[in-house]
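Please read the sequence and the model alongside the text below. The account goes from the overall fold to single residues.

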Amino acid sequence: MSALLHRLGAWLHGQMPTHAQLEANRFTAPFTRRPELFRFTRRSVPRGVAVGMFIGIFALIPGVQIVGAALMCVPVRGNIPLAAAITFISNPVTTLLIILPVAVAIGNSFGYHADIATVEAMVREGASLAQWRGWMLSDTAPAVVIGLFIQSVIAAVVSYFLTVWFWRYWIGRKHRARRNRAPFRAVATEAEEKAAERAADREGIA
């Protein structure tokens, strides 16, 4: 499990935008002056993960996810870099195979009849903002939007509580490791003190 968590942490770290990158973006630059939005704490981390999961699933339009995550992190005081990294949960593979089919199934359960083929084609071809705006006026849009919203809310809530649990597990593990190392440090310190005393005694005899 530790190896899996290590790989997950490395992936998230690789996806996180740096402070300089966010500062270079004219939309996110104003938020870089608030250091509390970049700290990793027991409150900001779960909130950042939940925000990233919500925006990553609900806002499938390329180019708006990081900005949307940053904007949403401000009122909830979530970690912006982590939220931005989590938005990559939606990529061409997960979107076409998981997110859209589930969204359409949820939306159609409300009586809609969405055509998923059009949305899949737009995702594959990297549709522009203008094309997405045009699609939002189509008949299939309500079903997908409703499905994405419900799916993103559930994913955000679940990920929040999972992250809270993981944070407690990780901190508890660090504390246990520190306690386990404490006796060894005490023994080492005692041995060092005795060695220093013997050295002092030899110097006194000489």
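Predicted model: local features only at pLDDT ≥ 70, side-chain atom pairs only at ≥ 80, totals over all residues.

Residues are numbered from 1 along each chain as its sequence is written, and side-chain values use heavy atoms, with hydrogens and water left out.

The protein has nine helices and zero strands; helices (H or I, at least four residues) and strands (E, at least two) are DSSP runs, numbered from the N terminus. The pattern along the sequence is therefore written α-α-α-α-α-α-α-α-α. Of the 206 residues, 36% are buried, where buried means under 20% relative accessible area, exposed over 50% and partly exposed in between, with a 1.4 Å probe and protein chains only. A contact means heavy atoms within 4.5 Å. Among contacts with a separation of 6 or more, 72% are between residues 24 or more positions apart.

Helix α3 has 15 residues and spans 21 Å from its first C-alpha to its last, close to the 21 Å expected at 1.5 Å a residue; the expected span is 1.5 Å times one less than the number of residues. This helix is mostly covered, with 13 of its 15 residues buried.

Leu60 sits in the loop between α3 (44-58) and α4 (65-76). Leu60 counts as buried because its relative accessible area is 14%. Not counting residues up to four places away in sequence, Leu60 touches Gln65, Ser90, Thr95, Leu100 and Leu148. Its C-alpha is also 9.6 Å from that of Trp132, 72 residues apart along the chain.

One of these partners, Gln65, belongs to helix α4. Gln65 too has a relative accessible area of 14%, so it is classed as buried. Its side chain makes a polar contact with the side chain of Ser90 at 2.9 Å. A polar contact is a pair of N or O atoms within 3.5 Å; within protein, one must be able to donate a hydrogen and the other to accept it, and residues adjacent in sequence count only if both atoms are side-chain atoms. Beyond four places in sequence, Gln65 is in contact with Ile55, Gly56, Ala59, Leu60, Thr87 and Ser90.

Asn79 is placed in the loop between α4 and α5 (80-86). Asn79 is counted as buried because its relative accessibility is 0%. The side chain of Asn79 reaches the backbone oxygen of Phe38 at 3.4 Å. Leaving out residues up to four places away, Asn79 touches Leu37, Phe38, Arg39, Phe40, Ser44, Gly48 and Cys73.

How are α7 and α8 arranged? Helix α7 (residues 116-125) and helix α8 (residues 129-136) pack at an angle of about 170°, with axes 11 Å apart. Axes are lines fitted to C-alpha atoms, for helices over the stretch in contact, and angles run from 0 to 180 degrees between N-to-C directions. The two helices are therefore roughly antiparallel, the class for angles over 145 degrees. Thr118, Val119, Met122 and Val123 in α7 meet Gln131, Trp132 and Trp135 in α8. The residues of this contact divide into five nonpolar, two polar and no charged.

Ala20 lies in helix α2 (residues 19-24). With 52% relative accessibility, Ala20 counts as exposed.

Key: Parallel < 35°, antiparallel > 145°, perpendicular 65-115°, else oblique. Nonpolar A, V, L, I, M, F, W, Y, C, P; charged D, E, K, R; others polar.
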